[in-house]
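Here's a quick briefing for anyone opening this structure for the first time. Take a look, then read on.

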Amino acid sequence: MPELPEVEALRESLVDRLVGDRVRRVVVRDHRLRRPIDRRALDGLVGATVRAVERRAKYLRIRMDGGRSLVVHLGMSGRLVSAPAGPPALHEHVTWTFASGRTLRYRDPRRFGLVYVVGDAAIDRHPDFASLGVEPLGRDFDAAYLRERAAGRRGPVKAFLMDQRVVVGVGNIYASEVLFRARVSPRRRVGTIGPERWGRIADATRAVLARAIDAGGTTIRDYVGGRGTTGRFQAELAVYGRGGEPCVVCGTPVRRTVMAGRATYACGRCQR
Ligand SMILES: [Zn+2]
């Protein structure tokens, strides 16, 4: 499943290819996604020019002139590729053809993704966007923010970090990596975390996600520009997927447990 770093890598790969180009034609071959594609809304963007390619959480936002944005969420298996003109791929839901002759293609075999148009003035109130937490690499994310949001809450810090209403983009793999780097146990209750630990958690979150973005993400990234390479962050995981192997810091075997149904990796000695 694409996570925030993969979507950011996709965004970066699309900026140069899309900005300034004008939509000449759109073909919706299959409207079935998590919510059905509104063909008329997509048709409404024909003639519009791409002004910017942005990202909010795991939503890609392609800003068009005329005050509208095309929003794409990759769901579990969605792929958005900028490619030369050519026949449609299997499971290709939408094909946009631009004035330059290039195409933008969305395909999604499992159909959990989203493709829709929203007015820029209404996007912050849209149900997909209204309750999103802060961006982990944004200005509002720091120890003070985490402390404030944790006030009065119970539950383990891993679940708190993965709560998208608090901070976006910390998926299951990154949560284990962040807490290892911060030397905080994933099971530690948020009410017992003081300013110093929150500082380490904030720093580690930024560092892990920034590094993952630089490396192009953790999972297969062949939806990026059709290049078919693998995100290099996979090779840098310190604890995730390394159950039983020695901790890279102290040599104690890494422990794999299950929290809220998700695999969780930690060093019982380094993380408290
Ligand atoms: Zn250790």
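Is Glu3 buried or exposed? Glu3 counts as buried, at 15% relative accessibility, where buried means under 20% relative accessible area, exposed over 50% and partly exposed in between (1.4 Å probe, protein chains only). Keep in mind that this is a predicted model, where local features need pLDDT of at least 70, side-chain atom pairs count only at pLDDT 80 or more, and totals for chains, interfaces and linings use all residues. Residues are numbered from 1 along each chain as its sequence is written, and side-chain values use heavy atoms, with hydrogens and water left out.

**Salt bridges**

- The whole structure has 18 salt bridges, each a side-chain nitrogen of Lys or Arg within 4 Å of a carboxyl oxygen of Asp or Glu.
- Glu3 pairs up with Lys58 in one of them (3.8 Å, N to O).
- Glu3 sits in the segment before helix 1 (4-18) and Lys58 in the loop between strand 2 (50-56) and strand 3 (59-64), so the pair ties together parts 55 residues apart in sequence; helices (H or I, at least four residues) and strands (E, at least two) are DSSP runs, numbered from the N terminus.
- Lys58 is buried too, at 17% relative accessibility.

- Cys247 is buried at 4% relative accessible area, while Cys250 is partly exposed at 27%.
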